[in-house]
Amino acid sequence: MSPAWRITKIILLLLVLGSIYVLAIQKHNQREQIRKVAVALTPGCAEKLRRYGLVHGERYRSPYVMQQTGASITVRGYSEDDVRAIQRGCNIVDDTQGSLSGDAGLARWNATRFIRGTHANCDHCHQGIGDKQDADGNRLKGSLSLGASWVMADMYDRFTGLLLPYELRQMQCYINSSNGYKPNIADDLIRDVTAYSRFLSAALDLKIGNHYDEQGIDEIAASATLKQGDDYVRGEGLYKEKCQSCHGRQAFGTEANGRIVAPALAGPNSWNMQSRNYFYYVSTILPGFICRNMPLGQENTLTNQECRDIAYYISNLPRPAGDRQGPLAALQQQILMTVMPPLMRLTESAGKN
Ligand code: HEC
Ligand code: HEC
């Protein structure tokens, strides 16, 4: 090899590495710039953050705590940067897919790059923008509160046995409940949702390290029923009667004018088989969610048995495989998701004749 060629090779290599470096710096600056831009809040976040009195300043005092308990508690306040992070985090939880934003990529840190389907939205499950309350402002047991979850900073995961910080628990929800990919632990997305969750804990005066009832789901074990077993046929009947009008005949979700009316409970846009919403993985979570939160507008009207039957039925419908199931299961689910809907329509119309 001639010395000239050798030098050219080194120069070429340096050029490539140099341009990657410049590109990285540029992207980094771009992100810094976005962090400085004023945040356009979703209507839900505008209302929530106004009610919680979020402004920058030396000290923060929660109007919610004042109103609920009469106590005036002052804690360290927020810088302008903090306020924008909290606002962006709120927007991500309320509108993960960015359907309410002009530029979803910029405004939501491209959250959709970590989500495969088009339905998943944190607020669908972590309702009330991660802070569900009744009309009197009481927080609700098992409402998947993000504030209560944040104060449980590190937690032993009961299924993997791993000690998981809040950020890693968020990640699980992208991978499984949103059937997507793992964001980096330092991704702007994770940072902002964490900032928002931390603010919720201050606004609600939750103490770090405490367990609150509103964390997680108010789960329904088989022992909390009349022990008739979980039944597909009963579940199907109940689903048709109570859920189908919103979630659709196949439970694949419903849309109107490009907007989601009710999210998918099965099919390509739903959570996957690795999600804790999946009955065969954890049988107590989905029934708990259904009993507390559905049918929308008639919450708490179903019995424990009914919720288990419906959850059992829903989990027998085809959905994406998780990353532990392997390619064969993924293929099988993919085929089922494609052939089941027309097949079911066919058998139903045949049954009517
Ligand atoms: C389809 C429903 C669903 C969606 C969508 C969803 N989650 Fe979850 N989330 C759950 C369930 C179920 C759990 C597990 C609760 C348990 O194990 O008790 C959970 C757990 C969590 C936890 C840990 C809670 C704790 O206390 O340990 C965090 C944090 C979280 N989700 C954040 C998010 C974020 C952020 C999004 C949006 C990107 C999201 N989730 C989307 C259902 C969902
Ligand atoms: C009036 C319409 C309506 C009815 C009836 C209804 N849902 Fe929902 N459901 C929704 C909407 C809308 C959401 C999104 C969350 C929200 O906006 O509160 C949702 C969310 C859910 C979720 C959260 C997970 C996800 O897909 O993101 C589950 C699970 C669920 N519904 C199950 C049921 C079941 C089971 C029934 C019947 C017992 C039912 N729903 C009846 C409208 C409805």
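**View 1. Domain 1 and domain 2, with 25 Å between their centres, taken over C-alpha atoms.** The chain is assigned domain 1 (39-203) and domain 2 (222-345), with bounds from an automatic or database domain assignment. The model is predicted: local features need pLDDT of at least 70, side-chain atom pairs count only at pLDDT 80 or more, and totals for chains, interfaces and linings use all residues. Residues are numbered from 1 along each chain as its sequence is written, while chains are lettered from A and ligands numbered from 1 in the order in which they are written.

**View 2. The contact of domain 1 with domain 2.** In this contact (C-beta atoms, placed from the backbone, within 7 Å), 14 residues come from domain 1 and 20 residues from domain 2. On the side of domain 1 that touches domain 2, H6 and H9 are the elements giving two or more residues; helices are DSSP runs of H or I, at least four residues, numbered from the N terminus.

**View 3. The shell around ligand 1.** Ligand 1 is surrounded by 25 residues, each with its C-beta atom, placed from the backbone, within 6 Å of the molecule. Cys-122, Cys-125, Ser-149, Cys-173 and Gly-216 are the closest. Helix H6 (122-125) and helix H9 (166-177) are the elements that give two or more residues to this shell, and H9 gives the most, six residues. The shell has 13 nonpolar, ten polar and two charged residues.

**View 4. Ligand 1 between the domains.** Ligand 1 lies between domain 1 (39-203) and domain 2 (222-345) because both give residues to its shell.

Notes
Ala, Val, Leu, Ile, Met, Phe, Trp, Tyr, Cys and Pro count as nonpolar, Asp, Glu, Lys and Arg as charged, and the others, Gly among them, as polar. Two residues are in contact if their C-beta atoms, placed from the backbone, lie within 7 Å.
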